[in-house]
Amino acid sequence: MDTITDLFQRFEQLNAIGASLSNERNIDRLLENILLAAKAITHADGGTLYRVSEDQKSLRFEIVRTDSLKIAYGGTSGEPISAKFKDLALYSENGEANNSLVAAFSAINARTVNIADAYTAEGFDFSGTRKFDQVTGYRSQSFLTVPMKNHENEIIGVLQLLNAIDPATGAVRVFSDADQRLAESLASQAAVALTNRLLVNQLEELFEAFITLINLAIDEKSPYTGGHCQRVPSLTMMLAEAVDATREGPLAGFLMSDKDRYELKIAGLLHDCGKVTTPVHVVDKATKLQTIFDRIQMVDTRFEVIRRDAELAMLRAVLAGADRAAAEQAWHQQQRAIDEDREFLRRVNVGGESMKPEDQERVRQISQNYRWTNCAGEDVDFLTDNEVENLTIRAGTLTQAERETINYHIVATIKMLESLPWPKHLKRVPEYAGGHHERMDGKGYPKGLKRDEMSVQARIMGIADIFEALTARDRPYKPGMKLSQALHILGNFRKNGHIDPDLFDVFIQQKVYLRYAEQYLEASQIDVPAGVG
């Protein structure tokens, strides 16, 4: 018999359960909490939670618990449920309702079914229950089966409870009217909580798909940096999780909730969204002379003109009475010099990590040493000022003006992200995403922020962005660096105020670099960094 005190306590418990369900973000934990709460509030020994399939034709087992048998499948148990139980069909092949199974009946008819004893109940098929009892030695007796109906009056699941236990005697009893009302109330709250969580998940999936669409557009613009938008978020989360796990040192107080993780993940995915505004010929500049096409071809044509003019000059000199052997020898020497200079320009056009000053000077000398007549009939230097500027780029393939154009993408990123009406749990996405080019010493861009003006998350993303760029193996002007070289450069950045020293220490101590390397780098890049291990 339910006492007033017991009912009041269970009613209070029901209110607390409803509040906790609305706060759970993980679907598996939410489903598990629903069943555990229903078992607790009705004193049930066991229970099963089913969800209606997307095609509305079957019930899928989600969570199964029986305390006395120590059975726990699905949810956070670590025991997969799909291989243990087959879906329950709601309708036969000819469309007839499967009312013989109590769970199916409850879902089809949107009715609660309260059975005192499965062995004596009429109208339902409990043969499967009896087989289960024979195998386990269990005695399935009282059943309470409650449909879960959402705000649109749709059945989305079924909550089935087994063997109500009398708290005073420990004997199995019938589920009381109070048990039924409490279970129905809980099922209603649970259905709303589950529907809301599913809707939120769907919106988040749509949002992330839209972000992926933006990144795909960026990737399509530049095959040379295509994987950057995916690798940086991955490394960002690896380092963030390592910092979250740190319990000593200056970062011991940094902790992340699931919401914090999601916010940082979104920021990572959007950190370069401003690149959609960057001109293709700059984003995709694979060589120093490339614009819409690689202008090295024009330089090759000029060399052919110079070669032709030299040959004509030699022939004219011979016709005018010059010594043929001497003239031809001088001409061959000139051809070799032309070939060497052409190959030199083709080589430096590829770009690299560092161009020597003497090579830069040789480019300028080549421009002045050769003269040619352009299409307007003008006698001009062999290379234009713009070509000289590009061919003498010290590192990479971008001029200073082009670097500023590339760097503007972070300004565009901030503008784009700050223009969006972010919900409360994503408010810091613009700050995280917009800070990955700042430096600890205030010499970064675009805002020139210093370390204490930046969040830990933005500083994490800064390290991830640099390390990915150093080790990337899809750049046209350089091979991906080995770990030892990349970590040496990062170590120097730590010393000169470029990156956060505490985060770098975690990056090394927790071997985040190695986990990233094993997932994204070539085996030939993964060496053992000296002093790191």
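Which residues are buried in helix H17 (residues 501-509)? In this predicted model, where local features need pLDDT of at least 70, side-chain atom pairs count only at pLDDT 80 or more, and totals for chains, interfaces and linings use all residues, the buried residues of H17 are Asp502, Leu503, Phe504, Val506, Phe507 and Ile508. Residues are numbered from 1 along each chain as its sequence is written, and side-chain values use heavy atoms, with hydrogens and water left out. Buried means under 20% relative accessible area, exposed over 50%, and partly exposed in between (1.4 Å probe, protein chains only), while helices (H or I, at least four residues) and strands (E, at least two) are DSSP runs numbered from the N terminus.

The cover over the buried residues of H17 includes helix H6 (228-244), helix H15 (456-471), helix H16 (483-495) and helix H18 (512-520), contact being defined as heavy atoms within 4.5 Å. At the start of H17, a side-chain oxygen of Asp500 comes to within 2.8 Å of the backbone nitrogen of Asp502, and just after the helix Lys511 adopts a positive phi of about 55 degrees.

Asp500 also forms a salt bridge with Arg451, in which the closest N and O atoms are 2.9 Å apart; a salt bridge is a side-chain nitrogen of Lys or Arg within 4 Å of a carboxyl oxygen of Asp or Glu. This pair links distant parts of the chain, since Asp500 is in the loop between H16 and H17 and Arg451 in the loop between helix H14 (429-434) and H15, 49 residues apart. Asp500 is buried, with a relative accessible area of 1%, whereas Arg451 is partly exposed at 28%.

The structure holds 32 salt bridges. In another of them, the side chains of Arg29 and Asp258 meet at 3.4 Å, N to O. Arg29 lies in helix H2 (residues 27-42) and Asp258 in helix H7 (residues 258-269), so the pair ties together parts that are 229 residues apart in sequence. Arg29, at 32% relative accessibility, counts as partly exposed, and Asp258 is partly exposed at 41%.

Within helix H10 (residues 324-349), Glu328 and Arg324 are four residues apart and are therefore separated by about one helical turn; the two form a salt bridge whose closest N and O atoms are 3.1 Å apart.

Confidence is expressed as pLDDT, the predictor's confidence in each residue, from 0 to 100. The chain has a mean pLDDT of 88, and 92% of its residues reach 70 or more. Confidence is lowest in helix H1 (residues 4-23), at a mean of 62, and highest in strand E5 (residues 113-115), at 97.

Notes:
A polar contact is a pair of N or O atoms within 3.5 Å; within protein, one must be able to donate a hydrogen and the other to accept it, and residues adjacent in sequence count only if both atoms are side-chain atoms.
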